[in-house]
Amino acid sequence: MATIEKVETPEGTRRRVAAKPSTWVVWFLVAVFFVFLVGILSSVVVDSFAKQWFGTWLPPEFTADWYAAAWDRFDLTHVMGVTLLVAVAVVVLSVLIGVPAAYLLARRNFPGKRLITLLFLMPIIIPPITYGIPLATVMYNFGLGRTVLAVVLVNLVPSVPFVIMTMTPFIEQINPAIENAARMCGATMKDVFLRILAPLLIPGILAAAILVLVRTVGMFELTFLVSGPRSDTLVVAIYRAMTSAGGAEARQLVSSMAVLYTATMLVILVIALRFINPTQLVARVKDSSDD
Amino acid sequence: MSTVAPARTPGSRKDGRSTASLQHRLAERGIDRSLLMLLPAVLFTFALFVYPFAYGIGLTVQPNPDVVEKWGGGIFANYVAFFSDPFFRDSVWITMRLALPAALFNVLASVPVAFKLRGKFRGKRALTTLLVLPITLGTVLTAQGLLIFAGRQGWLNRFLMDVGLIQEPFQLVMNYTGVFLSLVISGFPFAFLLISSYLSGIDPSLEAAATTLGASWFQRFRRIILPLLAPGLATTFILTFVLAFSVFPSARLVGDATGETRVMALMAYRAFGEQIDYPMASTVAILMGVIELAVIALVLLWRSTFYKGSTGGKG
């Protein structure tokens, strides 16, 4: 890209001056976006440490008491435990179910392949509420409502297709000759999977797993529909605190919970960015949804 | 859909046992025992997606007696109620009024930004990372942040008033604007990511060729980039629209849940969780899906009038 710009410069400086306003507009847009982003994040953080904050630039007194208060009041040990348990269970199950299916979709042609692909795509396209409400009704009918199991199951619905859609192009990249060579040397399907594919697939599985983890920790709609007080994840607990009986909870309590949530997410994100390049990953997803 | 998929997988297993030649012939067409690897995913999708979905559609034609009594229409009473009761009917318009502009804004704003940021420069990765960050914030935290930051006492209004741009604080939350802002904050990074990856898929030599032939900046954009980018724009619009269409927590937390932002998702949840009217809840939910798919179909139809083919691959 840089070379094109260089070709352009001898044509005269006038064009560069004329192009400037558009550049300014773009940077202005980005700046406004960041003002909101930084403003939103930092006001929640400041608020969570404020003893009281009303009508001033900065709160007059700072305290960390809200964290302890929120931790006790909403039983965050339990909430965090449930969030972790659900996230790990969803990641493990969706990888176990999704990767073999992705392998077949990547390597094989069979009748009805397009139909199967469409079937796996549906939960990603349809709004979560649309399938979430019938699904939650079924869960309540089976007596699973408000259990952790139900929370895990509903979160699997978008996660398994997500793993399939991210892993299929990833598996397509792996040279099939390697597998064929292993088979020629007498490896069974199990050997091929465990000794050949698994090591090659680890980066892709990690990327998909981390994205599923982020989505599950952040998933509100589906979890909210089936969870109860003892099976709430952190997002749902924050939502319930924000909406409880006309906002009776102190704002700072909610803020400190929100900060805890962001901190959890940031840790996951930092780990995630060590393994994956976001733009590249989306491009892979795009390729898969195009065919 | 439901007839073909399950018939095939067990069928292949049964046929595999019968005769060697049949097994061979099936294998030639791509059916053999390794297809069993699909079984967990297919079973799972049927148990947790197809079955509940069908069950939900079934529920919509089993309305509660009081709905039938009030609106008539027999087994279709829920649908009659939805389209006759302005309380329900208006939520469609309310949802559209929120989701369409938000999705459109996110797509249109990310095109110039992605365009400017596609070259190589210092700190590009850092900037991209920062733009991606809000994806992990989640709607609930964004809502809480907006309430504090853009509220009447918040930094934004305080700054604008101190600078003298405005006299009275802007009402930015607890209304349409609040939900719109929250949709942009969570949707823009997503649209930006997709559009940049589509842009990077356009071969730069095409543009270079146009430049050598004397095409101006605008001509290059209009004649080269835009036609190649149009399919990507359509896909991005669909995906951001899906996100905006099913908005639920922010409509409740930073919106006006009984008025301006009484979106369909909220109506569905209210019927489900507050009135415990499962048939009505399913009706709203299914109609939500139908309307969303209709919009997607329209966009895809529009997209099919564009250049179809590879956008030139990466680099």
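Predicted model: local features only at pLDDT ≥ 70, side-chain atom pairs only at ≥ 80, totals over all residues.
Q: How many residues of domain 2 of chain A are in contact with domain 1 of chain A, and what classes make up the domain 1 side?
A: On the side of domain 1 of chain A that touches domain 2 of chain A, the classes are three nonpolar, two polar and one charged residues. Contact here requires C-beta atoms, placed from the backbone, within 7 Å. By that criterion, six residues of domain 1 of chain A meet residues of domain 2 of chain A, and the latter number seven.

Q: What distance separates the centres of the domains of chain B?
A: For chain B, the assignment gives domain 1 as 1-16 + 25-47, and domain 2 as 87-303. Taken over C-alpha atoms, the centres of these domains of chain B are separated by 39 Å.

Q: Which helix of chain B gives the most to the side that touches chain A?
A: Between the chains, 80 residues of chain B are in contact with 81 residues of chain A. The chain B side divides into 50 nonpolar, 21 polar and nine charged residues. The element that gives the most to this side, with 12 residues, spans residues 39-60 and is helix H3 of chain B.

Q: Which residue of chain B does Ile238(A) touch?
A: Ile238(A), together with Ala268(B) and Val284(B), touches the most other members of the largest nonpolar core, which has 167 residues. Leaving aside residues up to four places away in sequence, Ile238(A) touches Val254(A), Met257(A), Ala258(A) and Tyr261(A), and, from chain B, Val140(B).

Technical notes. Residues numbered from 1 in each chain as written. Chains lettered and ligands numbered in written order. Contact = placed C-beta atoms within 7 Å. Helix = DSSP H or I, 4+ residues; strand = E, 2+ residues; numbered from the N terminus. Nonpolar A, V, L, I, M, F, W, Y, C, P; charged D, E, K, R; others polar. Core = buried A, V, L, I, M, F, W, Y, C linked by C-beta atoms within 7 Å. Buried ≥ 20, exposed ≤ 12 C-beta atoms within 10 Å, placed from the backbone. Domains from an automatic or database assignment.
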